[in-house]
Structure formats: C-alpha cells, structure tokens
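Please look through the sequence and the structure shown here before reading on.

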Amino acid sequence: MGRAVTVATCALNQWALDFEGNLERIFRSIDIAKGRGARYRLGPELEICGYGCSDHYYESDTLLHSFQVLAKLLESPATRDIICDVGMPILHRNVRYNCRVIFLNKKILLIRPKISLANAGNYRELRWFTPWNKARHVEEYFLPRIIQEVTGQETVPFGDAVLATKDTCLGAEICEELWAPNSPHIEMGLDGVEIFTNSSGSHHVLRKAHSRVDLVNSATAKNGGIYILANQKGCDGDRLYYDGCAMISMNGETVAQGSQFSLDDVEVLVATLDLEDVRSYRAEISSRNLAASKVNPYPRVKVNFALSCSDDVAVPTCMPIQWRHHSPEEEISLGPACWLWDYLRRSNQAGFLLPLSGGIDSSATACIVYSMCHQVCLAVKNGNADVLADARKIVSDETYVPEDPREFCRRIFTTCYMASENSSQDTCDRAKLLAEQIGSYHISLNIDAAVKAIVGIFSMVTGRTPRFSVYGGSSRENLALQNVQARIRMVVAYLFAQLTLWTRGVPGGLLVLGSANVDESLRGYLTKYDCSSADINPIGGISKTDLKNFIQYCIENFQLTALRSIMSAPPTAELEPLVDGQVAQTDEADMGMTYAELSIYGKLRKIAKAGPYSMFCKLINLWKEICTPREVASKVKHFFRMYSINRHKMTTLTPSYHAENYSPDDNRFDLRPFLYNTTWSWQFRCIDEQVSKLEKKEGVSLVEDVD
C-alpha cells in the first residue's frame with residue numbers, strides 16, 4: 001500500500017510580463033522537482049505572468065500570453081508523470097479570476113479560482129479579479145483552441161473542488177485564503193483532504209515571517225494534514241520584495257524550510273512524508289471526527305495517478321525541523337540588498353550612486369549596497385551561474401569574477417559627499433572613512449559655487465538677498481536657503497550618476513539611491529526634490545530605530561568601524577551655518593519631536609487607524625508616567641499639523657522598499673489626501689475639551705488628597 005508521498009514546492013523570482021523568463025524558471029523548477037523524485041509540483045501565485053502585473057491584468061494580451069505559456073508547459077515532455085500546479089489569470093464567462101491550473105500528462109485536471117482576494121495595504125486584487133463565491137460548486141470551462149489542440153479537451157472543471165488521487169486527496173488554497181478567518185483548509189480537512197497547497201504572492205515586511213510560519217503550522221495542528229506553501233521571491237517590478245520562505249509542514253510542525261532571502265532565481269523544496277502519520281494524528285481528535293461526519297462534501301476530481309509508490313515501506317521520510325528566523329537587523333541587511341540586486345540587473349544599469357552625508361541614513365543605505373555585494377560574491381562562490389552572468393553584464397566584462405565584496409563594490413557603487421559652507425569636517429571625514437571601508441568609488445565636492453549662483457540670480461532679479469535666521473533673516477528666508485542647498489545636491493547627484501562612469505572610461509549609467517527613512521517621510525522632514533529624490537530608496541520603509549540597530553549589526557558583522565562615530569553623532573541636515581565650526585542644527589530639534597515619538601505616531605496613525613483624538617486618547621495612557629494630558633495634546637497637535645502640512649511631499653516620494661506597515665507611501669500603500677485643512681479645528685477642539693475634563697478631574701482628586 002502506497003503511503004510515502006513526495007511533493008515539491010517552489011520559490012521563483014518571477015518578473016511581471018516576462019513570459020519567456022517566467023516560463024524558463026517554471027521549467028527549471030519542474031526539472032528539479034522531478035529529478036528529486038517529486039510527483040507533485042506547486043508554484044507561486046500567478047507565476048506565469050508574474051504577480052505584479054497590476055492594470056495589465058485588464059489587457060487581453062496578458063490572458064493570451066498566459067495561455068501560450070500554459071500550452072508550452074502542457075505539450076512539453078518535462079511535465080510528464082508529475083502533477084503540475086501553476087498560476088495564471090483566466091476569463092470565465094467574461095469574469096476575470098486569479099486561478100490555479102492543475103494538469104497531468106497533457107490533461108488539465110482542474111482550474112481552481114481564488115476565493116478570498118487580498119485587498120488591503122499593498123494589494124488591490126479586487127481591482128482586477130473577482131472572487132469565486134460559489135462554494136463547493138464546479139462549472140464547465142471551455143478551453144481556448146490553443147489549449148484544446150494540445151490536450152484534446154473541449155471543457156474542464158472550473159470551481160471549488162479537490163483532487164482525489166489513487167492514494168490521497170489534495171485541496172488548494174491561494175495566498176490570502178490562508179490568512180482569512182474561514183480558511184478553506186478547515187472544511188477541506190474535515191472532508192478528508194490530506195494535502196493542502198498554497199500558492200502565494202506574499203511580500204516581505206520586517207518581523208512578518210513569524211506570522212506566516214505560525215499560520216501554516218497551525219493550519220494542520222488542529223486538523224492534521226500536510227501543508228505545502230510556495231511563494232514568489234525577489235523584486236518583480238515594484239516597491240515590494242517577495243521573500244520566498246517556501247515551506248512544507250505536517251501535523252503542526254515544519255518539515256522543510258526554504259530560504260527567505262537569496263539570489264537564486266529558482267528554489268525547489270522537496271519532502272517525502274508518510275500519509276499514515278496524518279491519518280493516525282487525526283484518528284484521536286474526536287471533535288474533529290464528529291465535525292467531519294457532518295461536513296458538506298467537496299466535489300472530487302478523480303485522478304488516475306498516485307503520489308506514492310506501491311512498495312515504499314523502506315522509503316525514508318522527512319522529520320520535523322526548527323524554523324530559523326532572521327533577526328530584524330539581518331532582514332534589513334538581506335531583504336533590501338536582494339531587492340537592489342534585482343532592480344539593478346533588470347534595469348540594465350551599471351551600478352548605484354549615493355549622496356553620502358556621513359549620517360545614519362545614508363550610511364545605512366551604503367551598508368545595504370555593501371551587503372548586496374557580499375551576497376553576489378557568495379552566490380558566485382556557490383556556483384550560481386545566473387548571478388555571475390548578471391555581474392559580468394553590469395560591469396561590462398565577460399571574464400570578470402566577483403570574489404571580493406570591496407572590489408566589486410568599487411566597480412558598481414559610487415558615493416558622493418557634497419559639502420557646503422555649512423558642512424562640518426567631521427561628517428566629511430566620516431563619509432570618506434566609511435567609503436574606504438566598504439570600497440566604494442568616493443567623490444568629495446563642494447556645492448557652494450552653485451548655491452551662490454542660484455541665490456545670485458534671485459538677488460539680481462528681485463534686488464533682495466535672503467539671509468539665514470542667525471544673520472537676522474526671517475524663517476521664510478532661512479527655509480528657502482536650506483532648500484536651495486538640498487535641491488542643488490539632487491541636480492549634482494543626477495549629473496554625476498549619468499557621467500561618472502564616462503569619465504572613468506566605463507560604459508553605462510548609475511541609479512541614484514535615496515536615503516530618507518520612513519519616519520522622516522511621515523513627518524515630511526525632507527525637501528521636495530532634494531537628494532532624497534532619487535530613482536529608488538532601499539530604506540524608505542525602515543524606521544530610524546531599526547536603522548540604528550542595523551548600523552550596530554554592520555559594525556559587528558562587517559567590521560565597519562567607521563560606523564561607530566556615525567552612530568554617536570546627533571542626526572543633522574547641516575543646512576544652516578555652523579557655530580564656531582560646529583554643527584548647531586539637529587534633526588530632532590528641527591522636527592520638534594524625537595524619532596522614537598515619530599515611530600509611535602506612525603504606528604498609531606496607520607496600523608491602529610487613529611485620528612488626532614484617538615491618538616491622544618491612546619497616548620495619555622501610554623505616556624502617563626512622562627507627560628501630562630496637556631503635554632500629550634500639544635505633541636499630538638504638533639505632529640498632525642506637520643504631517644498634514646507636508647503630506648503633499650508623499651506624492652513625489654521616491655519608490656521605496658516596503659518594510660514597515662506604517663509607511664506613508666502615498667503612491668500605492670497609504671491612500672490619503674495630500675491637501676488638508678491643517679487647523680484640524682474640530683478634532684483639536686475635541687482634544688482640548690477632553691484635556692479640560694481630565695484636568696478638572698485631577699484637580700478634584702488633588703483636593704481630596706489634601707483633605
């Protein structure tokens with residue numbers, strides 16, 4: 001009797017609309033799975049066209065090309081004798097669905113549409129797809145002619161069904177359905193499904209992997225069974241990094257773990273498991289068996305195929321393992337680095353340019369690029385031919401082998417310190433020392449001549465010369481003079497990004513990296529179109545607190561001793577005149593709030609969905625030991641004034657790696673107005689009324705205590 005089943009799941013670095021590349025990666029995953037004895041292969045969500053197609057899903061071309069790729073898969077000998085489960089969009093009765101197409105030996109067994117669509121945060125699936133709302137219902141789907149010619153089938157089952165093989169029963173979930181409170185695996189498990197599959201397009205967020213792993217393990221902890229999860233990996237053309245983590249779980253325990261961050265385009269996880277372990281696990285759960293006796297059965301598609309062999313008593317099976325989670329600092333080091341590598345190689349650019357100020361943010365960005373160089377050298381050392389080919393293409397040298405991260409960094413990474421009369425020697429020295437330690441090609445220059453030229457044009461036209469506030473100027477003059485410096489730096493950065501390699505006799509241009517953190521973006525503490533305006537920003541979704549911890553991680557793991565002085569220096573924009581040669585301007589003083597406070601405001605505003613009044617109510621308890629209600633009210637009002645005044649800056653925010661769920665990214669994630677009534681008159685009046693009530697109540701309490 002067959003009992004040992006061998007199954008495979010994948011993490012594929014697919015690219016939106018790259019049908020040729022996507023097909024090649026799918027074929028590679030099937031070859032690896034078959035080579036390791038698997039009889040079932042699961043791939044990521046919408047893997048044929050790529051998950052991040054967005055409004056391209058509306059186009060008939062996307063549907064056509066997906067079917068063309070499916071035809072190639074169906075007719076290939078590579079897909080014989082293995083059940084293949086692939087993802088693609090399908091139009092059924094003029095309704096577009098996000099589907100799994102499950103096939104075997106040139107025959108489509110089932111098309112299973114997604115039931116619960118992801119429609120929060122970064123996800124907009126309801127914009128392009130419709131959920132399948134007909135539970136346990138199957139209809140006939142009329143195949144297009146290009147598929148009929150391959151399969152000889154006119155129609156195939158389309159709907160909410162499960163597969164019954166000779167030895168077991170499989171049921172599919174698609175990404176969001178695992179996260180839903182009424183996940184299909186509950187009812188499917190009660191109906192005798194033993195193997196659950198989940199094809200995902202799940203992106204990386206700091207500290208999120210724990211939730212995904214816990215959900216997969218808990219899916220079979222109460223009900224028994226085998227759970228197989230596949231996921232997209234890499235940057236498929238947008239702000240998100242899909243972080244792999246393919247996994248296989250049985251009876252509540254992980255038995256196989258894929259990598260969360262790697263430069264491998266194709267990763268296949270294979271496990272052999274004993275079906276009798278599932279059956280014996282379920283046997284003693286009486287509550288489960290009572291519920292199973294009353295369950296509404298699923299339609300079953302019979303498959304004349306087995307996932308096990310008839311004589312498999314001696315076949316070794318996989319044992320439970322302990323999941324190894326990355327620390328948040330490791331996630332920052334690896335996730336954005338992998339995202340940068342995908343963006344660099346897929347944009348056909350020759351490297352990066354970073355305005356390096358000697359502060360924490362730009363230094364953290366530099367360290368992420370250095371980490372990327374480490375990952376590239378490690379991948380090449382481990383025999384990754386794809387990474388080697390990409391590295392050679394980027395540096396325009398067909399014989400090059402990246403072995404030393406510092407040497408590779410010098411080839412593809414230019415750092416630029418842009419001094420003004422307001423810059424200190426300390427920040428200049430810190431930037432230069434860090435550049436030396438990571439190996440970047442470093443440029444130091446002075447922008448004073450350009451700043452004076454711009455201000456000179458203004459003075460010539462108007463007859464007025466603006467002054468900094470320390471020299472008697474108004475706040476408007478002071479801000480304008482700071483902004484000129486910041487915007488000149490953006491212009492200089494792009495000039496050097498386009499021509500630096502030309503001056504060195506090397507072909508290609510450089511991508512400009514931004515380095516504004518998520519907290520500064522939330523507060524609007526940046527100049528519109530300054531050097532935070534760039535092509536991409538690897539730290540735009542990371543908090544200042546996490547970046548400081550990451551800097552400490554780099555000191556310890558990369559031996560970058562230059563970071564010690566950067567860590568100890570107060571954050572400053574260096575846009576106002578020095579006092580006795582020393583920096584007098586600091587970020588937190590300018591902002592009127594600390595970075596720690598900003599992080600709390602951000603989480604309450606976005607994750608807790610708190611307006612000014614709700615935020616005040618939460619903070620009077622959170623900060624009751626350090627602030628009076630009136631002080632809390634003042635802080636909340638100041639934050640919301642600054643947030644709403646500067647919200648317009650988010651419309652031009654550089655595309656950033658999404659790492660925090662309180663990101664203020666207006667373009668895709670945080671959809672809110674950018675023209676506010678910044679007085680917040682009604683909201684602030686509610687806060688003031690509550691403060692008065694609390695103070696009166698406190699006054700009564702104090703009198704009673706005295707009595």
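## A cavity among strands

Strand S5 (107-113), strand S8 (162-164) and strand S9 (169-174) each supply at least two residues of the lining of the second largest cavity, and S9 gives the most, with three residues. Strands here are DSSP runs of E with at least two residues, helices are runs of H or I with at least four, and both are numbered from the N terminus. The model is predicted, so that local features need pLDDT of at least 70 and side-chain atom pairs count only at pLDDT 80 or more, while totals for chains, interfaces and linings use all residues. Residues are numbered from 1 along each chain as its sequence is written, and side-chain values use heavy atoms, with hydrogens and water left out.

About 60 Å³ of space lies in this second largest cavity, and its lining includes Tyr40, Asp85, Arg112 and Thr197. By class, the lining has eight nonpolar, two polar and two charged residues (Ala, Val, Leu, Ile, Met, Phe, Trp, Tyr, Cys and Pro count as nonpolar, Asp, Glu, Lys and Arg as charged, and the others, Gly among them, as polar).

## Other spaces

Of the 13 residues lining the largest cavity, Leu526, Ser532, Ser533, Leu653 and Thr654 are the closest to its centre. On a 1 Å grid over the protein atoms alone, a cavity is a set of points where a 1.4 Å probe fits but cannot get out, whereas a pocket is an open set with protein on both sides within 12 Å along at least five of seven lines; lining residues have an atom within 4 Å of a point. Grid points are joined across faces, edges and corners, and a volume is the space filled by probe spheres set on the points.

The second largest pocket holds about 490 Å³ of space, and helix H5 (176-179) and helix H21 (595-607) each supply at least two residues of its lining.

Ile454 lies in helix H15 (residues 448-462) and is partly exposed, with a relative accessible area of 39%. Arg647, in the loop between helix H23 (629-646) and helix H24 (681-706), counts as buried at 1% relative accessibility. Buried means under 20% relative accessible area, exposed over 50%, and partly exposed in between (1.4 Å probe, protein chains only). Arg647 and Met591 are 56 residues apart in sequence and 15 Å apart in space, C-alpha to C-alpha.
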